[in-house]
Amino acid sequence: MMKFFVSHLSLSICSILYVWLLTLGRLAMESSSVKKSSRSPSSSSLALITIIPVALLLILSPWLFSSHHNHNHNHIPPLNVRPFIKNTCTNTLYPSLCFHTLSSIPLNLHHDNHTRLRHVLQFAIHKTINRATKSRSRMTALTALAQQTNWVNNCIDLLDQTIYELQESIKPFYHLGPPPYATIKNLLSGAMTNENTCIDGFSDSTHSQTCRLARYFQKSLTPIMRMISNCLAIINHIETSGPTRLLSQAGYRDHVPSWMTAADRRLMQTPPPPTVVVAMDGSGNFTTISAAVSMAPNRSALRYVIQIKPGIYNENVVIPRQKINIMLVGEGMNSTIITGSRNFVDGYTTFTSATLSVIGNNFLARDLTIINTSGPEKHQAVALRVTSDAAFYHCQFISHQDTLYAHSLSQLYRECAIHGTVDFIFGNAAAIFERCLILVRKPIPGQKNVITAQGRLDPNQNTGISLQDCTVMAAPDFSITERSNFSTFLGRPWRNYSRTIVMRSYLGDIIDPRGWCAWNKYSNLDTVEYIEYMNFGPGADTKSRVQWAGYHNNSTTDVDNFTIQSFLHGANEWLKSTDLPLCSGLYAKDCKSASAQDNEDCQIQYCLIIYVYCTNVAPS
């Protein structure tokens with residue numbers, strides 16, 4: 001009887017809010033079509049009509065939409081499956097939530113343990129999709145009432161991305177054979193990161209209504225993040241209790257990531273024939289990159305190659321979720337340049353400031369430069385943000401703070417150059433940087449340079465930043481005299497389970513002897529994972545490094561988990577198969593056996609070749 005009463009009361013209040021919205025819409029139309037008169041509603045009346053429903057929805061929504069939740073909580077699983085569910089849930093970070101989520105699962109006790117675990121995971125993901133979908137509906141209603149909607153709309157986009165990734169993660173369960181657990185883990189890790197990004201986006205606002213919205217979003221999204229965490233924990237439980245070799249490689253063909261085709265490998269090896277051409281002078285199919293992207297077919301199974309002729313393209317380019325299999329091909333780092341200038345000081349969030357934003361999956365790019373021209377005084381100013389599986393070859397990314405936002409999913413950067421000051425390689429993707437040049441620029445007074453800021457939220461996420469065979473050094477315009485006024489660190493932990501490794505890389509004298517710095521606002525140093533392995537150069541001495549519980553150096557056991565093949569599940573074989581051209585003397589790998597003077601000459605040679613554009617065009 002009480003459930004019936006609460007249900008009908010909820011419907012009644014929602015109906016009242018709906019009528020209120022209709023009234024607001026009618027008044028708005030009347031006020032826009034009728035000239036000012038004593039009969040026109042005043043602005044204060046309209047504001048009152050707008051604010052009251054928002055307040056009611058914020059106050060009542062947790063109670064109004066929880067009746068089904070409370071009812072389900074009374075559903076106790078049958079006695080014969082309780083021990084199995086309890087045992088499964090003890091392996092998660094949120095066992096009570098796990099037990100509640102699985103309370104209504106139908107299990108066949110005649111199945112073997114592994115099959116039952118597979119059904120448990122499928123059921124848990126399905127429940128998470130339901131929860132996320134219902135939250136999305138409530139947030140859409142809230143957005144219709146709220147006045148400050150910029151970041152709210154971004155949060156809804158992120159929730160859409162989460163729902164998409166959750167739906168993609170459950171699809172393999174409907175096919176024969178073992179699910180590709182590595183791929184599923186990648187998708188779930190990205191889904192969790194999306195929700196945290198939404199909550200983070202409210203942190204810089206002091207507006208009272210925005211703060212209320214932030215609390216509402218956090219209350220709504222935190223359970224979704226925890227349900228995803230439990231799904232990740234169940235996968236880890238499966239992998240440690242079953243045929244792990246088969247499971248860890250599932251979804252990868254011949255040591256190749258599942259989204260990489262043989263044709264993709266050839267495309268990264270040799271510039272492909274274009275589908276369309278972008279040229280500023282009008283000689284191609286389009287004069288802007290954005291126009292070419294918008295004309296690409298949605299969800300195409302074929303690679304859509306956009307060739308970009310030389311020029312400086314001043315535009316903020318977005319590769320939307322539905323535009324998959326896009327490839328951008330420039331005509332060289334110093335010839336094809338995309339620039340933008342969005343930044344935090346001018347009103348953009350870190351997430352929305354990117355010159356190039358990649359959301360569409362299976363993205364490839366080569367032979368171009370992406371710049372955010374905002375100066376260091378503008379603080380967060382992203383050149384590239386990637387929320388997809390993506391690979392970049394011979395690309396250059398230039399900004400100051402927050403240059404490259406490796407937001408989520410799995411990413412490869414090979415023979416690229418990244419320039420910046422503060423946290424300029426950051427995010428929570430599984431991101432590998434192989435044979436890349438990392439140039440540290442001059443920051444503003446009072447700042448310290450930090451190369452990486454990895455944001456792993458959960459110990460079960462498969463994410464991290466791995467720098468392999470890279471060259472880390474000061475930018476040519478950052479003089480030795482100026483360097484003495486600023487400290488430069490390899491990284492700092494952005495979240496409690498932050499994970500970064502630097503291996504077989506040349507570290508210049510710009511690196512502080514401590515190597516890494518703390519970020520107490522965001523992380524616990526006991527749970528982070530920071531590794532250095534077989535680095536060389538004047539900044540590679542580890543004798544004075546930090547003494548964190550999570551810091552390790554030169555341990556083969558630690559490194560095995562972070563090679564390209566292990567970390568990206570076989571991508572190393574794909575990189576070898578591309579036979580990408582290497583220029584002698586450009587990378588740390590080629591300098592390693594040389595003398596100290598040869599090492600310095602090598603770095604200067606690399607600098608002169610790859611940095612020539614920056615000294616002429618890039619912001620100082």
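**The largest cavity**

A: The lining of the largest cavity is made by Thr193, Asn196, Thr197, Asp200, Tyr405, His407, Gly427, Asn428, Gly455, Leu457, Trp494 and Arg495. Please keep in mind that this is a predicted model.

Q: How many cavities of 30 Å³ or more are there, and what volume has the largest cavity?

A: A cavity is a set of points where a 1.4 Å probe fits but cannot get out. The count comes to three cavities of 30 Å³ or more. The volume of the largest cavity is about 90 Å³.

Q: Which elements supply at least two residues each to the lining of the largest cavity?

A: They are H8 and strand S11 (404-408). The largest share of that lining, four residues, comes from H8. By class, the lining of the largest cavity has seven polar, three nonpolar and two charged residues.

Q: Is Asp200 buried or partly exposed, and is Arg495 buried or partly exposed?

A: Buried means under 20% relative accessible area. With 24%, Asp200 is therefore partly exposed. Arg495 has a relative accessible area of 10%, so Arg495 is buried.

Q: How does the span of H8 compare with 1.5 Å a residue?

A: The 21 residues of H8 should span 30 Å, and its end C-alpha atoms are 30 Å apart, so the two values agree. H8 is also mostly covered, with 18 of its 21 residues buried.

Q: Which other salt bridges deserve a reading?

A: The structure holds 16 salt bridges. One of them joins the side chains of Lys185 and Glu239, at 2.9 Å from N to O. Lys185 lies in helix H8 and Glu239 in helix H9, so this pair ties together parts that are 54 residues apart in sequence. Both Lys185 and Glu239 are buried. Another salt bridge joins the side chains of Lys171 and Glu168, at 2.7 Å from N to O. Lys171 is partly exposed, at 43% relative accessible area, and Glu168 is partly exposed as well, at 25%.

Q: Which residues are linked in a network of salt bridges?

A: Arg414, Glu415 and Glu434 are linked in such a network.

Q: How many disulfides does the structure hold, and which cysteines does each join?

A: A disulfide is a pair of cysteine sulfur atoms within 2.5 Å. The structure holds two. Cys89 and Cys98 form a disulfide with sulfur atoms 2.1 Å apart, and Cys155 and Cys198 form a disulfide with sulfur atoms 2.0 Å apart.

Q: What is the handedness of the link of Cys89 and Cys98, and what is that of the link of Cys155 and Cys198?

A: The handedness is read from the angle about the S-S bond. The link of Cys89 and Cys98 has -70° and is left-handed; Cys89 and Cys98 are both buried. The link of Cys155 and Cys198 has 100° and is right-handed. This second pair links distant parts of the chain, 43 residues apart, with Cys155 in helix H7 (residues 150-170) and Cys198 in helix H8 (residues 181-201). Cys155 and Cys198 are buried too.

Q: Why is Cys416 in no disulfide?

A: The nearest cysteine sulfur to that of Cys416 belongs to Cys436 and is 4.9 Å away, whereas a disulfide needs sulfur atoms within 2.5 Å. Cys416 has a relative accessible area of 0% and is therefore buried. Cys470 is likewise in no disulfide, its nearest cysteine sulfur being that of Cys436, 4.9 Å away. Cys470 counts as buried, at 0% relative accessibility.

Q: Which residues line the second largest cavity?

A: Its lining consists of Cys98, Thr101, Leu102, Ala124, Thr128, Met227, Asn230, Cys231 and Ile234. Helix H5 (95-101), helix H6 (113-145) and helix H9 (208-241) each give two or more residues to this lining, and the largest share, four residues, comes from H9. Six of the lining residues are nonpolar, three are polar and none is charged. The second largest cavity holds about 60 Å³ of space.

Key:
Residues numbered from 1 in each chain as written. Predicted model: local features only at pLDDT ≥ 70, side-chain atom pairs only at ≥ 80, totals over all residues. Heavy atoms only, no water. Buried < 20%, exposed > 50% of the residue type's maximum accessible area, 1.4 Å probe, protein only. Expected span 1.5 Å × (residues − 1). 1 Å grid on protein atoms, 1.4 Å probe; cavity = no way out; pocket = protein on both sides within 12 Å on 5 of 7 lines; lining within 4 Å. Points joined across faces, edges and corners; volume = space filled by probe spheres on them. Nonpolar A, V, L, I, M, F, W, Y, C, P; charged D, E, K, R; others polar. Salt bridge = Lys/Arg side-chain N within 4 Å of Asp/Glu carboxyl O.
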